[in-house]
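Let us take a short tour of one protein model.

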Amino acid sequence: MSDRKPILHETPSQTAGPYVHVGLVPSHENINRSGKADFGVGPVPAGNGPPIIVTGRLIDGAGAPITDAVVELWQADTDGIYRQGFGRSACDADGRYRFDTVKPGRIPGQDGSSAAPHLTLWIVARGINIGLHTRLYFGDEAEANATDPVLAQIADPARRATLIASPSDAGGKFRYSLDIRLQGAGETVFFDI
C-alpha cells in the first residue's frame with residue numbers, strides 16, 4: 001500500500017458570475033423588491049457643494065461595451081472629509097454608468113499634504129475575479145492633480161491620463177466623463193488594494 005497522497009489540482013478562480021448586477025441593482029432588471037429602493041442608487045449623499053454629473057462607459061479590450069457591470073463610487077464631501085459619499089450604478093446597454101453627486105474637495109493627508117479631489121471607483125462584472133479599484137480625477141484640477149501623491153506614482157503620462165475625467169458644461173452642472181477600459185491599449189490604471 002502506498003503512503004502517497006493524490007495530487008490535488010487547483011480549481012478555477014471564482015468570478016462574480018453573470019448575475020452580479022442583478023443582485024446589486026435588481027431594479028436595473030425590473031425586479032421589484034416590495035417597493036424598496038436599491039441600495040446606493042440615486043443621488044450620492046455627499047453633502048452640499050457644486051452639483052456634478054459623472055458618467056462614462058465600461059469597455060473591454062476590443063472596445064465593446066460591458067453591459068452587466070456595476071460601478072460603485074466612494075467619495076469625500078466638499079470639505080475633503082469621508083462621511084457618507086457612496087453610490088452604485090449598473091451599466092446600461094451601451095456600457096454607460098452615471099452618478100449625480102457633488103464635487104469633492106481636496107483630501108487632507110496626515111503629513112500636512114493633501115490629495116487632489118477624486119472619486120474612488122470599484123467595478124465588478126461577470127468574468128472579473130476580484131473587483132477592480134480605480135480613481136477618477138477631475139480634468140479641471142490640474143494644479144491639484146500635479147501634486148497628488150497617487151498620481152505621482154504613475155510614471156507614464158499616458159497611463160496617468162486614463163484616470164483624468166474630461167469636464168464639460170451640462171446646462172449649469174458640470175459633467176465629468178471617464179471611459180474605463182478593462183484591458184488592451186489605453187487600459188485604465190487599476191490599483192491593487
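## Strand β1 and its partners

This is a predicted model. In it, β1 and strand β11 (residues 180-181) run parallel and are joined by two bridges. Within this pair, Leu-58 faces Ile-180 of β11. A parallel partner is also found in strand β10 (residues 173-177), with four bridges to β1. Here Ile-53 stands opposite Arg-175.

β4 pairs with β1 as well, but in the antiparallel sense, over seven bridges. Opposite Thr-55 stands Arg-98 in β4. Is β1 enclosed or open to the outside? Seven of its nine residues are buried, so the rest of the structure largely encloses β1.

## The nonpolar cores

The largest nonpolar core has 22 residues. Which members touch the most others? They are Val-54, Leu-58, Val-71, Tyr-97, Leu-121, Leu-136 and Ile-180.

Beyond its neighbours within four places in sequence, Val-71 is in contact with Leu-58, Gly-87, Arg-88, Ser-89, Cys-91, Tyr-97, Phe-99, Leu-121, Trp-122 and Ile-123. Among these contacts, Leu-58 and Tyr-97 are also on the list of core residues that touch the most other members.

## Ser-89, a buried residue

Ser-89 belongs to strand β3 (residues 85-90). Its relative accessibility is 9%. The cut-off for buried is under 20%, so Ser-89 counts as buried.

What does the side chain of Ser-89 reach? It comes to 3.2 Å from the backbone nitrogen of Arg-98. Not counting residues up to four places away in sequence, Ser-89 touches Ala-69, Val-70, Val-71, Tyr-97, Arg-98 and Phe-99.

## Ala-64, a loop residue

Ala-64 sits in the loop between β1 (51-59) and β2 (70-75). Its relative accessible area is 30%. Partly exposed covers the range between the buried limit of 20% and the exposed limit of 50%, so Ala-64 is partly exposed.

Which residues does Ala-64 contact, leaving aside its neighbours within four places in sequence? They are Leu-58 and Ile-59. Asp-94 lies 30 residues from Ala-64 along the chain, and the C-alpha atoms of the two are separated by 8.6 Å.

Key. Residues are numbered from 1 along each chain as its sequence is written. This is a predicted model: local features need pLDDT of at least 70, side-chain atom pairs count only at pLDDT 80 or more; totals for chains, interfaces and linings use all residues. Side-chain values use heavy atoms; hydrogens and water are left out. Buried means under 20% relative accessible area, exposed over 50%, partly exposed in between (1.4 Å probe, protein chains only). Contact means heavy atoms within 4.5 Å. A nonpolar core is a set of buried Ala, Val, Leu, Ile, Met, Phe, Trp, Tyr and Cys residues joined through side-chain atoms within 4.5 Å. A polar contact is a pair of N or O atoms within 3.5 Å; within protein, one must be able to donate a hydrogen and the other to accept it, and residues adjacent in sequence count only if both atoms are side-chain atoms. Two strands pair if DSSP finds at least two bridges between them.
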